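Colleague: I have a model open and some labels to check. Can we go through them one by one?

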Amino acid sequence: MMENQENKKQHKGGRNPKKDPSIHRYVFRLTDQENAKFLSLFEASGLDNKARFITSVLFEKQIKTVKVDMAAMDYYMRLTTLYGQFRAVGVNYNQIVKILYRNFSEKKAAAYLFKLEKQTIELAQLCRDIAQLTAEFELKHLKQEEK
């Protein structure tokens with residue numbers, strides 16, 4: 001019975017040991033200003049581990065920093081949605097004109113088209129305002145980041 005137990009391999013369990021484990025440890029202290037700068041650089045790097053960030057900085061590996069301006073992204077998404085709505089309004093406009101001439105007399109259709117024309121003028125002015133705001137936004141926010 002003892003021979004059977006000795007012949008069996010014992011499994012110690014757990015994780016397999018690494019070929020090159022990180023066993024050397026260094027400790028350094030930072031002031032409040034240094035720590036704030038360190039944390040901002042760490043967050044900008046996009047890495048998930050501070051130790052990996054420090055070793056990449058020490059051994060001059062390239063650090064990739066990506067900035068996402070959420071305000072610009074939100075503005076762009078809303079502008080895209082608004083553009084889609086303008087296209088839908090254009091399609092509806094054509095359909096309304098056809099329906100007016102088909103279902104009403106010429107005089108009545110002209111009266112409705114006059115009201116529609118006033119709304120179209122307001123919509124065109126709104127479109128120009130949006131284009132102007134977009135140009136200002138690009139000058140203030142997007143062009144500065146490229147410099």
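Colleague: Which helix do the buried residues of H2 pack against?

Modeller: They pack against helix H3 (50-58). Bear in mind that this is a predicted model.

Colleague: Which residues of H2 are the buried ones?

Modeller: Phe38, Phe42 and Ser45. Buried means under 20% relative accessible area. These residues carry that label, so each falls under 20%.

Colleague: How do you know which side of H2 they are on?

Modeller: Look at the arc. Phe38, Phe42 and Ser45 cover only 60° around the axis, which puts them on the same side of H2. In general, an α-helix has 3.6 residues a turn, so residues three or four places apart point the same way.

Colleague: What is exposed on the other side of H2?

Modeller: Asp32, Gln33, Lys37 and Glu43 are exposed there. Exposed means over 50% relative accessible area, so these four residues pass that cut-off.

Colleague: What makes the length of H2 close to the expected one?

Modeller: H2 covers residues 32-45, which is 14 residues. From first C-alpha to last, H2 reaches 20 Å. The expected span, at 1.5 Å a residue, is 20 Å. The two values are close.

Colleague: What follows H2?

Modeller: Gly46, with a positive phi near 85°.

Colleague: Why is the pattern of the protein written α-α-α-α-α?

Modeller: The protein has five helices and zero strands. Helices count as runs of at least four residues, so five such runs give that pattern along the sequence.

Colleague: And how much of the protein counts as buried?

Modeller: 9% of its 147 residues.

How values were computed
Residues are numbered from 1 along each chain as its sequence is written. This is a predicted model: local features need pLDDT of at least 70, side-chain atom pairs count only at pLDDT 80 or more; totals for chains, interfaces and linings use all residues. Side-chain values use heavy atoms; hydrogens and water are left out. Helices (H or I, at least four residues) and strands (E, at least two) are DSSP runs, numbered from the N terminus. Buried means under 20% relative accessible area, exposed over 50%, partly exposed in between (1.4 Å probe, protein chains only). The expected span of a helix is 1.5 Å times one less than its number of residues. The arc is that of the directions from the helix axis to the C-beta atoms. Contact means heavy atoms within 4.5 Å.
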